[in-house]
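Q: Could you walk me through this structure? I would like to begin with a pair of helices and then look at the chain overall.

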Amino acid sequence: MDKTIAFFDILHEDDIHWFLNNGTERTVEQGAVFINSGDKDVPIYLIIDGFVELYTDGNNRLTVIGPGEMLETMPSLEGSVATVSARAINEVTLLMYQPSLLMSKIKADYGFAYRYYKMIASMMSQRYNAAVTHIKHINENSSAYNVDNNTTWKKISDTIEEFKDLIHKANIEALQNDDHITTDTSDRIVASFRKMLLTMNTEIGEGSPCNPNDKEVFGYKCQREMLPYILLANAAERMYAKPRGYAGDYMTIQNMYNNNPSGKCAVGTIMDRCFLDDPATKAVRNRRHLLIEAINNTITSCGGNLTHITSLACGPAAEVFDIYKELNDPSRLKSTLLDFDIEALAFVSRSIEKMRLTKYIDLVHENLIYLITKKRTLNITRQDLIYSIGLIDYFTDKWVVKLLNLIYDLLKPGGRVILGNFHPRNSIRAFMDHILDWKLIYRTEDDMNRLFAESLFKRECTNIRFEQEQINMFAECIK
């Protein structure tokens, strides 16, 4: 993810506490429109949980915003009407402020006023740049479209056309053979798909010398070419559609773990195999095994004593259930699974009941914003292991340090934290960024060492590991 969250990066701690303590909490159900373009006297909103889609009168999506972002700030303060509509993608928790309350605070505290307006300017700039990028995408007069025989685009488009040609032949094969496609054809499609991803990463990826604006345009062209095929594949379609507001939701991760390609037709199933066989998806599957190893090691280190572990942003928590299946005595392990997505917790709850683990696993529906700012507390026994995999890829450095401080306070002496993050060497980053719109914050080993040193741990990581694809990094530290 390329942008920062201005609410956390610009406001001071006291400012954040003021917002958290002075807002009226409101829950908006999935799919509900709570701001209509043209509405008057709209409150100011701060998103705490969930994701919100901003769209125009023509129902065209402008952008999706999430926790830590604000809605209807300047129109509300100026007394003008709402300029866009807002719809809850999933169940959304908001803090609501009347403009008069915020204006009183601004007039009384010049430091707060300066930081508030700086934050708003940053947010507006980000949304403006996103809108300009979108306009460039749909503007066929862009220089990136008009350069005849553009070398960058030709290299990418050649691999796309090769892939599409194989898909077309596979479709004919399926029609002629009762929806059956041979293994040889399927393997050739997967290999062609892999070639296309690597070419895309070379030409418009992070290390490419291509102009940033042209990267966006080429990326949009790639997405437009590939979208019909993405929508045929079940797991891939969910990554693109983001029904829970973000790509890596609990069911997307579970689909990756299951590794069972399926689609709306035979070609769609092959497409799903392409996605489930890509290096990043393999990395997600690999990390499950590393987590199982880490939890087992923690149980062993505790001897015969009860082991306490917590998973933050637990998702499907498959690794936890894997452990309980192996344990002869489940009472040796007490697990706390925390997530802000109530659907994820409902999914986990069904597994808990099926495996009769209610006594050994606690579910916590909580938002980390409240926990990190100490508006709420997590009342659990000091933990032997706290881990979060696939969470901080969305968090800025400042936010990660605050999370580490929270974890430090929850660990017992000798307890261990593990944080997972995607490494910049992800070979399909361009594909994730431009086609799936799955933008993450990538970090190196030096980045993780720096963040741990800035936190209450006050030192570099005790250990850094990678799964087999060398894409998912696991930074560990002992309290």
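Q: At what angle do the axes of helix α2 and helix α4 cross?
A: This is a predicted model. In it, the axes of helix α2 (residues 13-22) and helix α4 (residues 99-108) cross at roughly 150° and come within 12 Å. Angles over 145 degrees count as roughly antiparallel, so α2 is roughly antiparallel to α4.

Q: What is the handedness of the crossing where α2 passes α4?
A: The crossing of α2 past α4 is right-handed.

Q: Which residues of α2 and α4 make the contact?
A: On α2 they are Trp18, Phe19 and Asn22. On α4 they are Leu101, Leu102 and Lys105. Sorted by class, the residues of this contact of α2 with α4 are four nonpolar, one polar and one charged.

Q: Now another pair. How do the axes of α8 and α9 cross?
A: Helix α8 (residues 183-204) and helix α9 (residues 212-230) have axes that cross at roughly 165° and come within 11 Å. The two helices, α8 and α9, are therefore roughly antiparallel to each other. Their crossing is left-handed.

Q: And which residues in α8 and α9 meet?
A: From α8 there are Phe193, Met196, Met200 and Ile204. They meet Lys215, Phe218, Gly219, Cys222 and Met226 in α9. The contact of α8 with α9 has seven nonpolar residues, one polar and one charged.

Q: Let us step back. How many helices and strands does the protein chain have?
A: The secondary structure of the protein chain consists of 19 helices and 15 strands.

Q: What is the radius of gyration of the protein chain, and what would a compact globule have?
A: The protein chain has a radius of gyration of 24 Å. For 479 residues, a compact globule would have a value near 23 Å, so the two agree. The C-alpha trace spans about 65 × 65 × 40 Å along its principal axes.

Q: What percentage of the residues count as buried?
A: Of the 479 residues in the protein chain, 55% count as buried. As for contacts with a separation of 6 or more, 75% are between residues 24 or more positions apart.

Q: Is helix α14 enclosed or open?
A: Helix α14 (residues 318-326) is largely enclosed by the rest of the structure, because seven of its nine residues are buried. The buried residues are Ala318, Glu319, Val320, Phe321, Asp322, Ile323 and Tyr324.

Q: Now single residues. Is Leu368 buried or exposed?
A: Leu368, in helix α16 (residues 368-372), has a relative accessible area of 9% and is buried. The cut-off for buried is under 20%.

Q: What is Leu368 in contact with, leaving aside its neighbours within four places in sequence?
A: Leu368 is in contact with Leu338, Leu391, Trp399, Leu403 and Leu406. Its C-alpha atom is separated by 9.8 Å from that of Pro67, although Leu368 and Pro67 are 301 residues apart along the chain.

Q: Last one. Where is Asp39 found?
A: Asp39 is in the loop between β2 (33-35) and β3 (44-49). Asp39 counts as partly exposed, at 28% relative accessibility. Not counting residues up to four places away in sequence, Asp39 touches Val81 and Ala82. From Asp39 to Ala294, 255 residues apart in sequence, the C-alpha to C-alpha distance is 52 Å.

Methods:
Residues are numbered from 1 along each chain as its sequence is written. This is a predicted model: local features need pLDDT of at least 70, side-chain atom pairs count only at pLDDT 80 or more; totals for chains, interfaces and linings use all residues. Side-chain values use heavy atoms; hydrogens and water are left out. Axes are lines fitted to C-alpha atoms, for helices over the stretch in contact, and angles run from 0 to 180 degrees between N-to-C directions. Helices (H or I, at least four residues) and strands (E, at least two) are DSSP runs, numbered from the N terminus. Angles under 35 degrees count as roughly parallel, over 145 as roughly antiparallel, 65 to 115 as roughly perpendicular and the rest as oblique. A crossing is left-handed if the near helix is turned anticlockwise from the far one by less than a right angle, and right-handed if clockwise. Contact means heavy atoms within 4.5 Å. Ala, Val, Leu, Ile, Met, Phe, Trp, Tyr, Cys and Pro count as nonpolar, Asp, Glu, Lys and Arg as charged, and the others, Gly among them, as polar. The radius of gyration is taken over C-alpha atoms; the globule rule is 2.2 Å times the number of residues to the power 0.38. Buried means under 20% relative accessible area, exposed over 50%, partly exposed in between (1.4 Å probe, protein chains only).
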